Amino acid sequence: MNLPELGAFLRTRRDRIRPAEVGLPQGPRRRVPGLRREEVAQLAGLSADYYTELERGSAKNGVQPSAQTLAALARALRLNGDERDHLFHLAERLVPPSAHGPSAHVQPALLGLLDRLSNTPARVITDLHETLVENDLARTLLGRSPALRGPAASFVYRWFTDPRAREIYPPEDHPQHSRVFVADLRAAAARRGRDAEVTKMTAMLRRRSPEFAALWDTHDVAVRRMDHKRIVHPMLGVIELDCYNLLSEDGRQRLLWFTAPPGSQGAEQLELLSVVGTQEMGVTRD
């Protein structure tokens, strides 16, 4: 691992980002044009000491960043695809697929929009419904996404295999959500072609869920772009919201956000979310 080169690369990427680009205040006494080390650490979910060791390129404490740490740094530093791959190469880590999985590289355009939705629950997900990044209000509304790998990282997979995943929606709405999820997944499967990940997931779902198998055999297909949802929140009760999706150019990632008409009960409940605070829940929601 080329720690000095890795540290120098991180430092130059940090210097080029202005605080306003990542939703941080400029502040009157800032001595550097870019981000401070502790700000990068905060954005990436790392300790300031750990990030400082990385940037200094010091091996004295056995610094060995994982793939998930590198992916978090790539998002925090707004690296493009080539820069993200370079970061993984410097750390001597296998470069993960760019569009999906727990170490996926979030497309910068979607990430930039997510940063601007600070007052709206929003997250970026893959076309297999794996959560890549989300804001605080999304975690408050939907629960924190689990750090899972393989098919279980997909909310659609958990929807048909883990009854707890369904607790987010009223039981009478479950059949409609099942149909929407399967139609959207079939569109993703067609888009990806002979993709091993989606082939494996659909085969496992057919074996484990008769409901999924029956819906899959209908061959219904529809990309999910907008839904009206009723979400069961543990403190605020049922919240009626509109859910919008903005797809990336290749269709493999999407920005998902929730809103409600002004003056509606749903709008009032959204206002209360920031007061409620992030809930630590046992189920993951989508």
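## Aromatic rings and their partners

The charged end of Arg84 is placed over the ring of Phe88, at 5.4 Å from its centre. That is a friendly place to start a walk through this predicted model.

Now for the setting. The protein has 286 residues, and 52% of them count as buried. Its secondary structure consists of twelve helices and five strands. Among contacts with a separation of 6 or more, 60% join residues 24 or more positions apart. The accessible surface amounts to about 13800 Å², and carbon and sulfur atoms account for 51% of that.

Let us turn to rings that meet other rings. A pair of aromatic rings is described by the distance of the centres and the angle of the planes. The protein has seven aromatic pairs. Take Phe155 and Phe181: the ring centres are 5.8 Å apart and the planes stand at 65°, so this pair is edge-to-face, the class for angles over 60 degrees. Phe155 belongs to helix α8 (residues 155-161) and Phe181 to helix α9 (residues 174-192), so the pair ties together parts that are 26 residues apart in sequence. Phe155 is buried, with a relative accessible area of 1%, and Phe181 is buried with a relative accessible area of 1% as well.

The rings of Phe212 and Trp216 have centres 5.4 Å apart and planes at 20°, so they are stacked, the class for angles under 30 degrees. Both residues lie in helix α11 (residues 210-216), four residues apart, which is about one turn of the helix. Phe212 and Trp216 are both buried.

| Ring pair | Centre distance | Plane angle | Arrangement |
|---|---|---|---|
| Phe155 and Phe181 | 5.8 Å | 65° | edge-to-face |
| Phe212 and Trp216 | 5.4 Å | 20° | stacked |

Phe155 and Phe181 also belong to a cluster: ring pairs link them with Trp159 and Tyr169.

Finally, a word on confidence. The mean pLDDT of the protein is 85, and 88% of the residues score at least 70. Where pLDDT is low, the predicted coordinates should not be read in detail.

Methods:
Residues numbered from 1 in each chain as written. Predicted model: local features only at pLDDT ≥ 70, side-chain atom pairs only at ≥ 80, totals over all residues. Heavy atoms only, no water. Helix = DSSP H or I, 4+ residues; strand = E, 2+ residues; numbered from the N terminus. Buried < 20%, exposed > 50% of the residue type's maximum accessible area, 1.4 Å probe, protein only. Contact = heavy atoms within 4.5 Å. Areas by Shrake-Rupley, 256 points an atom, 1.4 Å probe, with all protein chains shown as cover. Phe/Tyr/Trp six-rings, centres within 6.5 Å; stacked < 30°, edge-to-face > 60°. Lys NZ or Arg CZ within 6 Å of the ring centre and 35° of its normal. pLDDT = per-residue confidence, 0-100.
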